[in-house]
Amino acid sequence: MKNKILTAISTIMLFIPWTILPLRTFDWALESPVAEIMIACYAAFMIFSGVFTILSYVKAKARNNLMKVCLIVNSLYAVGGVAALVMIILPKIL
């Protein structure tokens, strides 16, 4: 039962990053402070979902086929989230 819940949560986390696309159609979402905050929040969520899925797969041993797909996709999301945060933070540091 625990494995099914972890798999369901990881599966839901696959689709949440795509909700940024309808939000970016609004004019207020394209302005500088709002856009950076929104992208940073989505990137942080993507990193969290990648870490959550990796921990669920490794520690909780939720190893079914759907979880393997979630592991690959959420890991790619996590890498993309780290890249997005680096692109936001790096110019402010330098």
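User: Is Ser-49 buried or exposed?

Analyst: This is a predicted model, in which local features need pLDDT of at least 70, side-chain atom pairs count only at pLDDT 80 or more, and totals for chains, interfaces and linings use all residues. Residues are numbered from 1 along each chain as its sequence is written, and side-chain values use heavy atoms, with hydrogens and water left out. Buried means under 20% relative accessible area, exposed over 50%, and partly exposed in between (1.4 Å probe, protein chains only). Because its relative accessibility is 0%, Ser-49 counts as buried.

User: Which residues does Ser-49 touch, not counting residues up to four places away in sequence?

Analyst: Ser-49 lies in helix H3; helices (H or I, at least four residues) are DSSP runs, numbered from the N terminus. Contact means heavy atoms within 4.5 Å. With residues up to four places away in sequence left aside, Ser-49 touches Met-13 and Asn-74.

User: What covers the buried residues of H3?

Analyst: The buried residues of H3 include Met-38, Tyr-42, Met-46, Phe-52 and Tyr-57. Their cover includes helix H1 (2–15), helix H2 (20–23) and helix H4 (65–93).

User: At what angle do the axes of H1 and H3 cross, and what does that make H1 relative to H3?

Analyst: Axes are lines fitted to C-alpha atoms, for helices over the stretch in contact, and angles run from 0 to 180 degrees between N-to-C directions. The axes of H1 and H3 come within 10 Å and cross at roughly 155°. Angles under 35 degrees count as roughly parallel, over 145 as roughly antiparallel, 65 to 115 as roughly perpendicular and the rest as oblique. The crossing angle therefore makes H1, relative to H3, roughly antiparallel.

User: Which residues of H3 make the contact with H1?

Analyst: On the H1 side, the contact is made by Leu-6, Ile-9, Ser-10 and Met-13. On the H3 side, the residues are Phe-45, Phe-48, Ser-49, Phe-52, Thr-53 and Ser-56.

User: Within what distance do the axes of H3 and H4 come?

Analyst: Two packed helices are described by the angle between their axes and the distance between the axes. The axes of H3 and H4 cross at roughly 145° and come within 7 Å.

User: Is Leu-76 buried or exposed?

Analyst: Leu-76 has its place in helix H4. Because its relative accessibility is 59%, Leu-76 counts as exposed.

Conventions
Helices (H or I, at least four residues) and strands (E, at least two) are DSSP runs, numbered from the N terminus.
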